[in-house]
Amino acid sequence: MLMLPSYAIIEDDFVNATLDKNLKIKKQKETTPNSGIPIQIRIKEDFTTKSKPEEGDFIEFETVEDFKSFSAGTTVKGRIEFISMNCIWGVPADIVIGNFQIGNIALYGEIHKGGANRIIWLRPATIVGTFFFGAGLALIPIRGGHAKIKTDKIYTVYYR
């Protein structure tokens with residue numbers, strides 16, 4: 001009886017915001033930055049997670065085309081928002097770059113990049129191989145791939 005009033009007080013704000021009375025998902029407003037002006041950028045130098053970057057490090061990109069008062073080749077800084085390194089059992093490295101700035105102007109968008117995912121074939125092979133005198137255990141040290149960003153790849157960020 002003491003806990004009975006607490007059930008009426010607790011509300012799930014996420015459910016209230018996303019579901020209607022019929023428990024159907026409500027249409028969400030467009031929150032992507034597509035309403036802005038697209039800016040094409042590319043990285044200045046090839047980048048890989050092999051170099052052991054850290055979250056918060058800045059990476060330099062450059063504009064591909066002229067934008068407002070900025071000419072092509074203008075430096076755009078992006079910050080590493082998230083990084084996870086590759087590890088054993090085929091787990092790939094992942095990186096998210098965001099918080100782009102051209103001078104003092106904030107740009108919107110993110111770059112998500114992952115390495116080669118070897119989990120799909122490595123884990124089953126390891127488990128099955130273990131039944132054959134433990135031979136599968138030799139596969140465990142195989143690591144996933146590093147995330148790589150090449151200079152020839154063009155990405156889009158947005159200016160609002």
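Because the model is predicted, local features need pLDDT of at least 70 and side-chain atom pairs count only at pLDDT 80 or more, while totals for chains, interfaces and linings use all residues. Residues are numbered from 1 along each chain as its sequence is written, and side-chain values use heavy atoms, with hydrogens and water left out.

Leaving aside residues up to four places away in sequence, Phe 100 touches (heavy atoms within 4.5 Å) residues including Ile 41, Phe 61, Val 76, Leu 107 and Val 157.

**Aromatic pairs and charges over rings**

The whole structure holds 3 aromatic pairs, a pair being rings of Phe, Tyr or Trp (its six-membered ring) with centres within 6.5 Å, called stacked if the planes are under 30 degrees apart, edge-to-face if over 60 and tilted for the rest. Two of them are set out here.

| Pair | Type | Centre to centre | Between planes |
|---|---|---|---|
| Phe 61 and Phe 100 | edge-to-face | 5.4 Å | 75° |
| Phe 67 and Phe 70 | stacked | 6.3 Å | 5° |

Phe 61 lies in strand 3 and Phe 100 in strand 5, so their pair ties together parts that are 39 residues apart in sequence. Both Phe 61 and Phe 100 are buried, where buried means under 20% relative accessible area, exposed over 50% and partly exposed in between, with a 1.4 Å probe and protein chains only. Phe 67 counts as buried at 6% relative accessibility, whereas Phe 70, at 22%, counts as partly exposed; together with Tyr 159 they form one aromatic cluster.

The charged end of Lys 77 sits over the ring of Phe 58, 5.7 Å from its centre, a relation that requires NZ of Lys or CZ of Arg within 6 Å of the ring centre and within 35 degrees of the ring normal.

**Positive phi**

Although Trp 89 is not a glycine, it has a positive phi of about 70°, and its place is in the loop between strand 4 and strand 5.

Key: Helices (H or I, at least four residues) and strands (E, at least two) are DSSP runs, numbered from the N terminus.
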